[in-house]
Amino acid sequence: MALIITDECINCDVCEPECPNGAISQGEDIYMIDPARCTECVGHFERPQCVEVCPVECIHPDPDYREDHDTLYRKFIELNAGPTERA
């Protein structure tokens, strides 16, 4: 499942540089996570790095984007495939 940043976000900017997929960006009021790019760090790390560094614990699973580990891993492969490797 992709992650979501709640409105408790204090815009501290510690999560964005930690995302290996570039899924986190500054939104209008708070940081946002692109569910198409979020793999919960599967393929990169054991735990989501944004969750690890968030000082206010405002990053949670997004119930609108339920994905199992295998789906997240396939997304990781697709995001990291070279242009000739994409399906």
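Residues are numbered from 1 along each chain as its sequence is written, and side-chain values use heavy atoms, with hydrogens and water left out. Because the model is predicted, local features need pLDDT of at least 70 and side-chain atom pairs count only at pLDDT 80 or more, while totals for chains, interfaces and linings use all residues.

Helix α1 (residues 49-53) has the highest confidence, at 98. Confidence is lowest in α2, at a mean of 95. Helices (H or I, at least four residues) and strands (E, at least two) are DSSP runs, numbered from the N terminus.

The largest nonpolar core contains 16 residues. Such a core is a set of buried Ala, Val, Leu, Ile, Met, Phe, Trp, Tyr and Cys residues joined through side-chain atoms within 4.5 Å. Buried means under 20% relative accessible area, exposed over 50%, and partly exposed in between (1.4 Å probe, protein chains only). The residues with the most contacts inside this core are I5, C15, I24, I33 and I59. In soluble globular proteins, nonpolar side chains tend to be buried together. Contact means heavy atoms within 4.5 Å. Not counting residues up to four places away in sequence, I59 touches L3, I4, I5, C15, I33, C50, V51 and C54.

The cysteines were examined for bonding. A disulfide is a pair of cysteine sulfur atoms within 2.5 Å. A search of the whole structure finds zero disulfides. For C15, the closest cysteine sulfur is in C9, at 6.1 Å, so the pair is too far apart for a bond. C15 is buried, at a relative accessible area of 7%. For C54, the closest cysteine sulfur is in C58, at 3.7 Å, which is also too far for a bond. C54 is buried as well, at 12% relative accessible area.

C38 is another buried cysteine, with a relative accessible area of 7%. Its place is in the loop between β3 and α1. Leaving aside neighbours within four places in sequence, C38 is in contact with A2, L3, A23, I33, E67, L72 and K75. The C-alpha atoms of C38 and E52 are separated by 15 Å, with the two residues 14 apart along the chain.

Charged side chains were then considered. A salt bridge is a side-chain nitrogen of Lys or Arg within 4 Å of a carboxyl oxygen of Asp or Glu. By this rule there are two salt bridges. One joins R47 and E52, with an N to O distance of 2.2 Å. R47 is partly exposed, at 47% relative accessibility. E52 is also partly exposed, at 43%. The side chains of E67 and K75 also meet in a salt bridge, at 3.1 Å from N to O. Here E67 is partly exposed, at 23% relative accessibility, whereas K75 is buried, at 13%.

D62 is buried yet has no salt bridge. The nearest side chain of opposite charge is R66, 8.3 Å away. For this assignment, Lys and Arg count as positive and Asp and Glu as negative, while His and the chain ends are not counted. D62 lies in the loop between β4 (59-61) and α2 (69-80). Beyond residues up to four places away in sequence, D62 touches M1, A2, L3 and I4.

Two loop residues show a positive phi. N11 is not a glycine, yet its phi is about 55°. N11 is in the loop between β1 and β2 (24-26). At 34% relative accessibility, N11 is partly exposed. E40, likewise not a glycine, has a positive phi of about 55°. E40 is in the loop between β3 and α1.

N21 also lies in the loop between β1 and β2. N21 is buried, at 5% relative accessibility. Apart from neighbours within four places in sequence, N21 is in contact with R37, T39, H44, L79 and N80. The C-alpha atoms of N21 and H60, 39 residues apart along the chain, are separated by 17 Å.

How values were computed
pLDDT = per-residue confidence, 0-100.
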